[in-house]
Each structure stands twice: as C-alpha cells, then as structure tokens.
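Welcome, and thanks for taking a look at this model. Please have the sequence and the 3D view open side by side as you read.

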Amino acid sequence: MFLYNLTLQAPNAINQAILGNFSGTRQQELIVSHVSRIELLRPDTTTGKVHSILSHDVFGVIRSLAAFRLTGASKDYIVIGSDSGRIVILEYNPVKNVFEKVHQETFGKSGCRRIVPGQYLAVDPKGRAVMIGSVEKQKLVYILNRDIAARLTIGSPLEAHKSHTIVQYCTGVDVGFENPIFACLEVDYTEADQDPTGEAYRETEKMLTYYELDLGLNHVVRKWSDAVDRRSNMLVAVPGGTDGPSGVLVCSENYITYKHIGAATLTVPIPRRKDPLENKKRGLLIVSGVVHKMKSEEGDLYKVTIDYTGDTVNEIKIKYFDTVSVAAGLCILKSGFLFVASEFGNHQFYQFGKLGDDDDTPEYSSNDFIPKDDGTLDVTVYFKPRPLENLLLVDELASMSPLTDAKVLNLTDEDTPQIYALCGRGPRSTMRILRHGLEVTEMAVSPLPANPTAVWTTRLTADDLYDQYIIVSFSNATLVLSIGETVEEVTDTGFLATTPTIAVQQLGQDALLQIYPQGIRHIRANRQVTEWRAPGGRQIVRAATNSQQVVIALTGGELVYFEVDESGNLSESNVRREMSGNVTCLSIQPLPVGRRRVRFLAVGCDDNTVRILSLDTSNILEPLSMQALSAIPESLVMIDMPDQITAGSLTTLYLNIGLQNGVLLRTVLEQNTGQLSDTRTRFLGARSVKLFELNMAGNPAVLALSSRPWLSYQMQSRIHLNPLSYEALEFAASFTSEQCLEGVVAIAGNALKIFTIEKFGQVFNETPIPLSYTPRRFVVNPVHKSIAIIESDHQTYSTLEKKKKLKELGFEAEEEEELDPVVFGHSRSTPGKWASLIRVINPVTGETTFTLELEQNEAAFSVAILNFAVEAGDMFLAVGTAADMTLAPKSLSSGFIHIYKFINDGMALELVHKTPVDEVPHALLHFQGRLLAGVGKTLRIYDLGKRKLLRKCENRSLPNCIVTLHNQGGRIVIGDVQESVHYASYVAADNKLVVFADDKAPRWISCSAMIDYDTVAAGDKFGNFFVNRLPQKLSQEIDEDEAGSKSVGKGYLHGAAHKLDLMAHYHVGDILTSLTKTSFVAGGREMILYTSFMGGVGIFIPFQTKEDIDFFQTLEMHMRNEMPPLAGRDHLSYRGYHVPVKGTVDGDMCEQYNLLSGDKKRQIAEELDRTPAEIQKKIEDMRIRAI
C-alpha cells in the first residue's frame, strides 16, 4: 500500500495573529498562523470584507509570530518562532505574491522542547532587536539593522539565559530610543526543586524581570526584577517614549497591575459579570490584549485607560466595553476595525461604532482600591453584560475548529456526497454540512415575462468603469435593461427589439454592436445605426467578438470577418472561408490593452473538431492547427492567464472547449505558431457545457455551465476548477457595477439572477445548523435518514439545574432569559457538573425535530444506531453516559447505557430503558443483532431485555480504555486510548470474545476506520496517521479456526499472540478526529477522508501503479531540496515527527511545484525526463481524481 496525501481544506483555527504593513503600502494587513500554515489577510475598509491574499504551508509548528519594522522604514517584516530550532525572518513580496525568506538563524535542536527557544517572541517597538525565548532557561536576543544597500541584517545571538527558570510570558517594553528592554514573567524553581517537603514550592514567587540590551556594549543584562502575583499570566506593554509613560500592565487572576522601574504600582480589579449563578471561587483571567483593549476568558472586552503626567502614571481605569467570542488574538486597525481571532468557532471582523466613553457602564479606577501588603487585591466588582453597543460585526471568517466528528454521506440525494461535521464548543457549536463548491452570494433575482435564451452586459464607451446595459434575448425578441440605482427597461437604445440576439459587444471607442440572425447593427454614440444584412436565404448562426474584431458564421459553415477601421466603421474583409461542417461555436482571442488586432480565431464544427484560424492581415482565416474531439463542441472560450511556467508578466493563452457530452477540455494555445498542446480533461455533468468569460479576483476566469455551474480561475500559481454551490444556469455574463465589482448575471428558468463569488480557494461551502452544547458524536439512522447527535459540556448548568438553582436563590427564571448564550455563553458551574442532551435532526430541512436533555448530572459520551434481532422491525439508539463524572482525578458515580426507540418516522425518540454499568461506555457498536460495548477496558456483548440490557459475553483483557469499535462479520477491531488497535473475533460456539492480534507500538488512538477485512487506518492524539494490516495467511487461519485455539496462542511482548504489520505512517500535524473510506466522484477512486481537530479536511489516495509511486517520490525529493519549508523545519523529519514516514507521499509538497521559478521547474522536469507541463498535469490529475 502506498498513499498520496492531499489537504482539501486547510485547518482554519488561528493560534497567532499580527498586524502590519507587509506590502509596503499604507494599507494595514493581517498575518495569521494556522499552526502549520501562514496566511496573509487584507481587510477591505470600504466594504468591511476580509480577503485571503496568500496562504502557505510551512511544514512545521508555528509557536509564535511577531511583526517588526526597522526605524524609518515603511514595511513590516515577519518573525517566526517555530519547532525548527531556528529563528526565521520573512518578507512579503506583493509583486510575486509570495513570502520570501530574508534570514534563517539556527540556535538549537528541532521539535517543541522546554529549553529550545521558539515559544515566545518579543520585539522592540522601535524595531531594533527581537527576543526569542523558550519555556525554560534560554532566551536569545538578536540585533536587527540594515546595511548600505538598505537590506535587513541580523546580528549574532546574545544570551539572556537563566537556569532553573520557567518563563510564562515575554513582551517588548516601549522605551523610545533608549536601550531596548524586554519584560518577562519568570518563576525560579531552584529551591522548590530541592525541597521534598513542598514548603519552598509554596513560597516560590513569580517575578516580573526587565532584560536590557546595551547597544553600546552589545550585551544583555537583567536590569530590574519585582515580585508579582503567582497567578499572573500575561503582560501588555504600555506605550512609551513620546507616546506614553512606558511600563507594563501585569494581568493576574481578577485584577490588573501597572508596573515599571521607579514607578508607583497601581492595581485595578477586573469587573466580573453580574450573574446570580456565578461560581465565586472561580478566578477571571485576561487571555489577550492589544493597546488598549483587553479580553477575558469569558469573551468580555475591557477598555483600559491610563491617566499620566510626563512619565508618572496617576491612575488606571477599566470598564466593560463589549462581548465577543474568546480570542487567541486581537488586532485593532487604524481605520477603525477590530479583528478577533477566535479560539473556537468563526473569526470575526468588527467595526468600531463608538469608543465607549458616553455610556452608563461603571468605570473602576485604581485610586479607589488599595492592595494588600503582598500586592494582591481581594475585591470583586461587577458589570451587567449587554448586546453589542460599541462594535458592529461586518464580516466573519469561517472556522470549523474544534471539529469533533464527521461523516461523508449523501442524505439529500445530490450529485456528490456531503461532509457532515460537528464543530465548535459550547453554545456556539454547529453541525456544518459541507458541500463541494464555491460559496455564492445572491444579490438580486428578477422574474422575466418568458424564458430567455441568452443575456449580456455592456458598457457604452471603452472608458466606462461599469456596465450600463443588460441585454436579454428571447426566442423572438430582445429586451434592453438600463443599470442605475434600479434596473429598468429602455427602448431608445438603437437595439432591434423584435428579433432574438446572437451577440452584443461594445465596439471601438463609443459604439455598440448587436448581432442577430438576419444581420449586424452597428450603433454609434449619436444613435446613428449602420446595418449589414446576411446574404439571401442564409442566417447568422454563431458570432465571436472583441472590441475591434468581429467574426460571424453563416448557415452552411461560411465565416465572415469584420474589423473596426481608423474612422470607427465596421469594414468587412474580402476573404471568406467555408468550413468542412456546420459551425457550432466560435471564440476570438481577448484583445490586450493597447492592441488593435489579435491573431487567433477558434472554430468548432459538428465534425467533432476545433480549428485555429489566423486573423493576421497576411493570411486571414487561414487554418493553423486542428484538434479532434470525442463529441461535438458546444462552446469555446479563449482566455489569457498569468503564465504557470515562467514567473513575471508573461501570460499563457488557453482554449477552453465545452463538449455536448458534458466534458470540458483546457488546451494551451501556442502564442507564436497557433498550435494546440497540453490538453486537460474534466467531466462536469450530464448536460452540454456552455462557457463564458468572466473577471474574478482581478484575473480572467471561465464559467462553465453544465448540470451544475463550474468556475475555472487562477489563484496562487495554480488553476482551480471548482463547482459553484448554486442551481443549474442556462446562460451567464460578467456584471460590473458600483455595488458589485465582480458579479455575474445569469439566467435560470424565467428568472434573471445577479450573484457574486467571493471566497476563492475554498473547496467547500458550509450550511450551519446551531447546537446547544459541545457536540461529541453523531450517527445516522439508515432507514429514516435522520441524524442523532449527543452533546455535553463540563462545568455547565443544565436547563433544569439552572432553573432549580435560580429558584433556590429567589430569582425568577425569566430574568435570565435576556442574554443570548451564543454570544455570552452558558453560566459556568463547578467541576463535576455536566449539561448534556440528545438531538435528532432532519438533514433535508436542517431542523431539529427532537431534543432530550439528560438529567441527574449525566453526560453522553458515545452513541450507536442498531436493530436488535429480538425486535428486528424497529431501529434503536444506544447512548453511553456517565453520572457525576470528574475529569481530574477521574471518578464517576455510575455509567449507563440508554436504549431509545425511534418513533415518528425516525424524527423522535422514546426511552426503552437504561442499564447501569461500572465504567464510562466510550464506544458502542451494532454487532450481529446485538450491542457491542466498550465499557472502560471491558468489551461486552449485550442483548435487549424487557427492563434492561442483558449481558451475554465479555472480555477483560484490554489494557486501558476502549475508545473505538468496528466490525466486519465476526471480526472486531478495537481502538485502545493508549495501546493502539487490537483485533478480536467472536467465537459463537463458545460464546467468547478472543483478542488475537495487536500493534507492535503503543499509540494514543483518537479515531479509526476499517479499510477492508484485514486493514485498519487510525489517527492518534499526536497528529499521526497510520495503517495496520493483519497478514493475509494469518487472517485465513484465524477465520478457519472455529475453536479459537489459534487466536489464543501464547502472548507476545505482554500482548496478543500475533502482531499487525505497519503499512503506512505519516504525521499530519493535527489531531485526527474522523476517518472515512469514501469516494467523492461518481465512479471515482476510493480514498480515505480525514478531518482534524482544528478544522482541516484531507484525503489519502492509494496509488495504482508503481510508475506513479516512483514519479511522486522523486518529485517530492526534488521539492524538499528546491523549496525547503519557510519556517526552517526539515520536511522529512516533520512528516516523520514521532515515527519515520512510511508508504506516503506528501501531495501538498508536490503541489508547491507550481510556485517554483521557471528555471527550477525545467531543471526538475529534466531530472524526471518530462516537461514542466506534464508534471503539472500529473499533479493536477491526482487532485481531480479525488474531488
């Protein structure tokens, strides 16, 4: 077995977010880290939308990210601290749209280690130095400067190490142009380590330490140190120099303290929510801050104001500002926007409406509170939370993190299956239905009097920025609509309204052209009309135009060519050409800016051919090349796209051919000779393919309409072909107006639709269904096609418990209904308290048809659909729960297995009974008409009884805790939480479960799937994917051994009698949460689809030939050498993070071939004995085969 890994959707959780001018322009941009990927986001301050400009996989773990700017410069650089043991400085090149590595300095071993720097990055606000620190001991300071040629230089590292010291935060202190200072939160554990009584540990202090970089002596010294609260977790630098008093705000549990050398210490409490159910013992921490907004772990934003005179701070004030989702990073733009990188769920982009100065929210000042002698503050102040007042949500970036479970299903009988995924945490959780396709935003829908046949948009002059007319053609008429504040019909345009239209074009400087079956109308700006009539008895059947040239095809296959002359008239060429068959489609090359003529015309005929004809004045309509096709061509579009082989301003001319059998071909048209080469093929649907040229994301694109619409566009040096998640369309044209710069106007039935496509590069679009608590698992009822979901949250009040508690405190429940839990979250309870429910969803409508909240502090952990042999006519739902469970130390009062019967056509549940068990049932499975349950480390078979489940058989030999179960026939595959996978068989004659094989290595299983009878694929909690297989001969022996004597055997290495063979191993870089064997394309290749905790979706495709394996392995080897990862990590060691990579090729690495320079592409192609185009086609084919 050999696999090819491809990422379909990159993980979209953000762990770091920074702000800066990375393009060198005045516009501020965001750079976010998705742990192993770095992305540049550009907010559009006019529309409020955030656009992804560049995303690049670094094949490493980004632990910290910082932006810095050299003094006097206008461009920001990016510093990355990663698991590579290197500090890397990147620069964004806006011309090539790439990140370029400026410096890479090695200082330690690779991997996330305690004493190797990379966890913390702190930058001097004036851009003179950067500190990179580790969790323990080591801190290095690099001096940044520029050389004579104004290039960035980096000095040798200066050590600021302190042994036996744990660092908990680092930041750069703003001291103007004095020697740079870095502030750290540190704990010295020297004494605590040597004192077995624990007394020294209890007396250990946490210190705020200033490290000063002496630029004169080129040396780092510990300048100042002061004790802070042991619960301090974060530092926020206060502006200094000419902008403020300098110093830091130390964020501790429940309060904030201002500290600086020689300055008075000021302390102010963090206001808490006024909530009758509040857990008074629970502290409140600040989790992210930006000058000068702070954010608590509840999601509340605080505005902190510092009142100072000169260098002296008089007081600090704090007040509640607004509530957003809990953030991993906050960025305030100068244009008045706030970017919130959410810890979980969608990331938000807000606009500041007010600054929160004039509301009645209480403001607390440090002058009103006196700390105790030890500097701590034991005062609680409150605020009343409210809906957004100062912020306005303008955009959201989708994030599926955390993704807890997913399945590939086709419950709505669509063309392709959908991915049903459980995402989010707490009340912001959703079930998202992912469909393969780009998201479409519908702007307007207008019904028409009859079914139109075609639609065009046109400008009135060549200098117009926006379209002025929409022209709609019917079978016997033409309608002209004027685009203004409203779209309305106009009649005095010069267009002939009593005939259908074949083509419309803005011609020359200020003329319009209407081509209809009987002739051509040339309409001048002064409404003067010139007509060209078709010869007697013949009609115009097809036409192709640009702003200077027109070609028409008459019945019988004759071509007539026109050109705009110097005076603006349309003059007919004296050369005509008869084609060998009837012309079915025409396309003329787009006219580049500054040119008056193009060279090529493409003609499709009903003899299954496409011919390229010349439009040069020396050989007008002379054939240059021909391509034979598998069906009659329906539509042609010639399009110029930026060159994939050669970097720079060169373009490649592509001929797109849509066939009547639903196939789309893309062929390169050689600019000099007119020859056709490098044909790519893709089946789009059952209907014939119609093609239309559009402009998308600033580049030309092609819209292909078949049984569903598809868009071919270029992004980050790769041509993408993705379907649109929209209904089937008949005809389309580009649409540009003030409100909609890159829109599409299209016909669907008798309606005219205007829509836009914005989120390019995203393979899936999503339909969310809101949930109440964190979803854990879900199953599908195969008979009724309904979905059952279990949800549970720790430290949360259930609805019943909440009402009961409020009643005890004397509050009416209605008083608490004002706050939306989606925004403010559920009321937090004490550890060991759970809220949990079972939900049934109708996937067709997306509605929740039934919910059942569990009582008596039960939490649901596992679920299975089954039908018992004793009641074969009914479908049952088994739910594994635990009551009064605490996580650390782990304890519970009892476990239960609930059995529910589906009623109301599978849309509701009815409790049959619940059976107490001694441990948590983490895995349940339907097995031969009975229930197979993993209860703790015991494997049991239950049957349905009248009052409870009846235990039939059990096996107690599993090591720790069963977390996954699968079966085929009598063979069972068991996933243990810590000891990898085990194979067991059920011996019916003796009614016993026998474990006969296990893995050679321990693995912490997070998900698994049976690929076939002998093979299992699984993921572990360290981000590894692996495939194990039972040797075939052994598998046959086990099956033939009815007595089970072979299965028992003698234990080997403290485990089962036999061991599994490792077939493949690969480090994905994120915890896998689900694995499914599936096929996305009808009749396509089967593959393994995985989802990851941080919202990623990827696939493993099995290779079918030895030739493909050799090709991609060699390409991957060359790519490792020619394009080493951006963050400095070695690619091979990253993919073999814990175990050497085996039997897997990294498709993401291979796809970066498109980003190489032309010379490097050709160099690798020569080594592989192929052309660059052939390599690109092979890479593209691997993706097309999958999705």
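Which residues in α10 meet which residues in α11? K1161, R1162 and A1165 in α10 meet P1172, I1175 and Q1176 in α11, where contact means heavy atoms within 4.5 Å.

## Before we start

This is a predicted model, in which local features need pLDDT of at least 70 and side-chain atom pairs count only at pLDDT 80 or more, while totals for chains, interfaces and linings use all residues. Residues are numbered from 1 along each chain as its sequence is written, and side-chain values use heavy atoms, with hydrogens and water left out.

Helices (H or I, at least four residues) and strands (E, at least two) are DSSP runs, numbered from the N terminus.

## Helix α10 and its two faces

Let us begin with α10, which covers residues 1158-1167. Its buried residues are G1158, K1161, I1164 and A1165; buried means under 20% relative accessible area, exposed over 50% and partly exposed in between, with a 1.4 Å probe and protein chains only. Looking down the axis of α10, the buried residues fall within an arc of 130°, so they line one face of the helix. The arc is that of the directions from the helix axis to the C-beta atoms. As background, an α-helix has 3.6 residues a turn, so residues three or four places apart point the same way.

On the face of α10 turned away from the buried side sit the exposed residues D1159, E1166 and E1167. The buried residues of α10, for their part, pack against α7 (1106-1122) and α11 (1172-1186). Just after α10, D1169 takes a positive phi of about 60°.

The axes of α10 and α11 come within 8 Å and cross at roughly 85°. Axes are lines fitted to C-alpha atoms, for helices over the stretch in contact, and angles run from 0 to 180 degrees between N-to-C directions. By class, the contact of α10 with α11 has three nonpolar, one polar and two charged residues. Here Ala, Val, Leu, Ile, Met, Phe, Trp, Tyr, Cys and Pro count as nonpolar, Asp, Glu, Lys and Arg as charged, and the others, Gly among them, as polar.

Now for the packing of α7 with α11: the angle is about 115°, and the axes are 12 Å apart. That makes α7 roughly perpendicular to α11. From α7, the contact is made by D1108, F1111, F1112 and L1115, and from α11 by I1175, K1178, I1179, M1182 and R1185. These residues divide into six nonpolar, no polar and three charged.

## Two buried residues

M638 is found in strand β54 (residues 633-642), and at 1% relative accessibility M638 counts as buried. Leaving aside neighbours within four places in sequence, M638 is in contact with a list of residues that includes S587, F600, L653, Y654 and E693. M638 and V668 are 30 residues apart in sequence, and their C-alpha atoms are 9.7 Å apart in space.

G1136 is found in the loop between α8 (1131-1135) and β90 (1144-1146). G1136 is also buried, with a relative accessible area of 18%. Setting aside neighbours within four places in sequence, G1136 is in contact with H1067 and V1141. The C-alpha atoms of G1136 and P700, which lie 436 residues apart along the chain, are separated by 40 Å.

## Backbone details in the loops

Where do the cis peptide bonds from S401 to P402 and from A888 to P889 lie? P402 is in the loop between β33 (391-397) and β34 (403-409), and the bond from S401 has omega near -10°. P889 is in the loop between β71 (876-883) and β72 (894-903), and the bond from A888 also has omega near -10°.

V35, a residue other than glycine, has a positive phi near 70°. V35 lies in the loop between β3 (29-33) and β4 (37-43) and is buried, with a relative accessible area of 14%. N991 is not a glycine either, yet has a positive phi of about 50°. The place of N991 is in the loop between β80 (981-987) and β81 (992-998), and at 32% relative accessibility N991 counts as partly exposed.

Technical notes
Parallel < 35°, antiparallel > 145°, perpendicular 65-115°, else oblique.
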